[in-house]
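Take a look at the sequence and the fold below.

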Amino acid sequence: MNDKLEQAFTEALTKAMDEADGLGVAQKRLRADVERFGGAACARELLKKQRRSDGFEALSDLGRLDLSLEALVTAGKFGSLFTDDEVNQCFTALCDNNYYRI
């Protein structure tokens, strides 16, 4: 994997979690896992278990799924970190909650 790209993903996810914290959406378990294993590894593990990220529903309720791990996985610049199936799983979760990246 591309270490610089994985680091950039982790930084983007950490920034999104910081912003979500400011909205009252604490993602303590996800944050701890990201600090321990890195963002991409956490995302892959969640997707392997077919789970949504901590705070996904709360962010959906706030209309801020742009701050979710799933939205970052679908971002084109991080595409090479994930399989097509992983990206599609995130895309489906986002669409099911009426989030469409413009």
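## After helix α3

Helix α3 is followed by Gln50. The phi angle of Gln50 is positive, near 55°. Keep in mind that this is a predicted model.

## The buried side of α3

Helix α3 covers residues 39–48. Which of its residues are buried? They are Gly39, Ala40, Cys42, Ala43, Leu46 and Leu47. These residues span an arc of only 160° around the axis, which means that they lie on the same side of α3.

What do the buried residues of α3 pack against? Their partners are four helices: α1 (3–22), α2 (28–37), α5 (69–74) and α6 (84–96).

## α1 against α3

Two packed helices are described by the angle between their axes and the distance between the axes. For α1 and α3, the angle is about 80° and the axes are 7 Å apart. Angles of 65 to 115 degrees count as roughly perpendicular, so α1 and α3 are roughly perpendicular to each other.

On the α1 side, the contact is made by Glu6, Phe9, Thr10 and Leu13. On the α3 side, it is made by Gly39, Ala40, Ala43 and Arg44. Gly39, Ala40 and Ala43 are also among the buried residues of α3. By type, the contact of α1 with α3 has 4 nonpolar, 2 polar and 2 charged residues.

## α1 against α2

Helices α1 and α2 pack at an angle of about 155°. Their axes are 11 Å apart. An angle over 145 degrees counts as roughly antiparallel, so α1 is roughly antiparallel to α2. The crossing of these two helices, α1 and α2, is left-handed.

Which residues of α1 meet α2? They are Thr10, Leu13, Thr14, Met17, Asp18 and Asp21. Across from them, α2 supplies Leu30, Arg31 and Val34. The contact of α1 with α2 divides into 4 nonpolar, 2 polar and 3 charged residues. Thr10 and Leu13 of α1 also take part in the contact with α3.

## Cys90 in α6

Cys90 is found in helix α6. Is Cys90 buried or exposed? Its relative accessible area is 0%. Buried means under 20%, so Cys90 is buried.

What does Cys90 touch, leaving aside its neighbours within four places in sequence? Cys90 is in contact with Leu47, Glu70, Val73 and Thr74. One of these, Leu47, is a buried residue of α3. Cys90 and Leu72 are 18 residues apart in sequence. In space they are 9.0 Å apart, C-alpha to C-alpha.

Technical notes:
Residues are numbered from 1 along each chain as its sequence is written. This is a predicted model: local features need pLDDT of at least 70, side-chain atom pairs count only at pLDDT 80 or more; totals for chains, interfaces and linings use all residues. Side-chain values use heavy atoms; hydrogens and water are left out. Buried means under 20% relative accessible area, exposed over 50%, partly exposed in between (1.4 Å probe, protein chains only). The arc is that of the directions from the helix axis to the C-beta atoms. Contact means heavy atoms within 4.5 Å. Axes are lines fitted to C-alpha atoms, for helices over the stretch in contact, and angles run from 0 to 180 degrees between N-to-C directions. Angles under 35 degrees count as roughly parallel, over 145 as roughly antiparallel, 65 to 115 as roughly perpendicular and the rest as oblique. A crossing is left-handed if the near helix is turned anticlockwise from the far one by less than a right angle, and right-handed if clockwise. Ala, Val, Leu, Ile, Met, Phe, Trp, Tyr, Cys and Pro count as nonpolar, Asp, Glu, Lys and Arg as charged, and the others, Gly among them, as polar.
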